Every structure is written in structure tokens, then in C-alpha cells.
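Here are some friendly notes to read alongside the model. Please keep the structure open while you go through the points.

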Amino acid sequence: MLQVEDLDAGYGESLAVHAVSLHVDGGEAVAVIGSNGAGKTTLLRAICGLLRPRAGTVTFNSESLVGEPAHRIARRGVAYVPAERHLFPAMSVQENLELGAYPLRADRRQLELVFELFPRLRDLLSQQAGTMSGGEQQMLAVGRALMSRPGLLMLDEPTTGLAPILAEEAYASLGVLRGEGTTVLVAEQQVPLALDLADRAYVIEDGRIQMEGPAGDLQGNPDVRRAYMGIA
């Protein structure tokens, strides 16, 4: 579904991602793990059109995304949930969800699927997004992305600002989506949670892919355990 080859991307004169290659097959959950500043956010922003790659290719369903503006990439079926969530704080939960379907009209069936995944949102429809807790805002950010019926859901650090129990709940919800066949690409520094979710994973350091493989293999890799899980 997604193929990234030899991707360079960065800001100003600096490159933050160097010759990165990865792929995501339909129905897979793939994790990109690494520490803060490793290049995870830059990679996702380059894929979804918020940052123009300096070199390399990005294809989605065999069509190039390089040079396409972010709104056109979103309409092709790539939904991106940034770590900052970027909700519309003065708008209600319902208005945020309806905007997630733009330019299509909000589909009631898709809305019900969001409520099945996040029942709490049904009770908060009239509440302004900016007054919600961090965990509730994360639910809304993912729910809004799902309203577009994406082919690929990309999430950047979905545990940002969440207490450990809420982070686990967030990944439990992603696990439900994964079980229903949603294709997921998640960038995360909470490595145990990400590897529990993923089928495969890539380890990124200093903007370069250093390791890749089945998530179970990386969970048992002594270098990964020592560097990212605090296990000797």
C-alpha cells in the first residue's frame, strides 16, 4: 500500500531523514520506533505532504505522492494524526468529527464506528474540544481522522502527554482498529506499546533506519531492549 524509497527530508539547510526506505502492506500495523529527535515526525510529515522531500520516492497504492499538497494526499486516503493533535479547540466534538469527513458529508455509519471505538465521545458531542482532557482529545483526534475512511492511518506519538494507563488505553483502541483490518503506521518512542501493536517495525536513529523486522523479533533484540526498554 505504502512504499517509501531513499527518502531525504529536513528543514532549512539540515536533513533530518537520510535515505529512508520502508513499506506498509494493506492490513498491516507497522511501527517506526526511536528516541525523541530521531526523525520520526519528519518522516511522517514528508509522507503526508506537510514537508516536501529533498530526494526519494513515496508511493501510495502505486501512485506517487511526491509534490502533492497535503489536502490531496488526504483525499487519496492517507490520514495523519500529529502528536499535537491540532484539534479545533473552540469547536465542539461533533463539529471536529464532521470536519474530519471534509470534503464529503459526514457519514452516520462512520460516526457510529467512531462511537463504538470511543464511546466517551458520544457523551461529549456538544463539548468544546479545547476543554477536554488529554486522553479525550487523543480519542477525538483519531476519531476525526477515521471520519475520512482512510486507507492508511498514520499516527505520530499517540501517547504524547498521556498518563501510562491512558497510553495503554489508546493502544488498546488501536489494537481494535488493527483487528478490524485498518492499515496503521505509527511513530512512537513508547517502544513496548508500539511493538505489541505492530506486525513489523523499523528502528530509526539519527534519521536513518538502523534495524527492521518482525515486531516480535525486535522485542527480543538485546540492543532494542537495552536502548528503548531499559532492560539489560
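1. Let's begin with a side-chain contact: that of T183 comes to 2.7 Å from the backbone nitrogen of G27. A polar contact here is a pair of N or O atoms within 3.5 Å; within protein, one must be able to donate a hydrogen and the other to accept it, and residues adjacent in sequence count only if both atoms are side-chain atoms.

2. A word on the source: this is a predicted model, where local features need pLDDT of at least 70 and side-chain atom pairs count only at pLDDT 80 or more, while totals for chains, interfaces and linings use all residues. Residues are numbered from 1 along each chain as its sequence is written, and side-chain values use heavy atoms, with hydrogens and water left out.

3. T183 belongs to strand β8 (residues 183-188); helices (H or I, at least four residues) and strands (E, at least two) are DSSP runs, numbered from the N terminus. T183 has a relative accessible area of 3%, so it counts as buried (under 20%; exposed is over 50%, partly exposed in between, with a 1.4 Å probe and protein chains only). Leaving out residues up to four places away in sequence, T183 touches several others, among them M1, D25, E28 and L152 (heavy atoms within 4.5 Å).

4. Strand β8 is also part of an open sheet of 6 strands, ordered β6-β7-β8-β3-β9-β10, with mixed pairing (two strands pair if DSSP finds at least two bridges between them). β6 (78-81) and β10 (208-214) are at the edges with a single partner strand each, so one side of each has no neighbour in the sheet. Inside it, β3 (residues 29-33) and β9 (residues 200-205) run parallel, joined by 4 bridges, and I33 stands opposite V203. Helix α6 (residues 134-146) packs on this sheet and touches β6 and β7.

5. Elsewhere, β1 (residues 2-11) pairs with β4 (residues 55-60) in the antiparallel sense over 5 bridges, with V4 opposite V58. β4 also runs antiparallel to β5 (residues 63-64), through 2 bridges, and T59 faces S64 there. The two form a hairpin with 2 residues between them, and N61 in the turn has a positive phi of about 50°.

6. Which elements each supply at least two residues of the lining of the largest pocket? They are α1 (40-47), α2 (70-75), β6, α3 (93-100) and α6.

Definitions and conventions
Axes fitted to C-alpha atoms, helices over the stretch in contact; angles between N-to-C directions.
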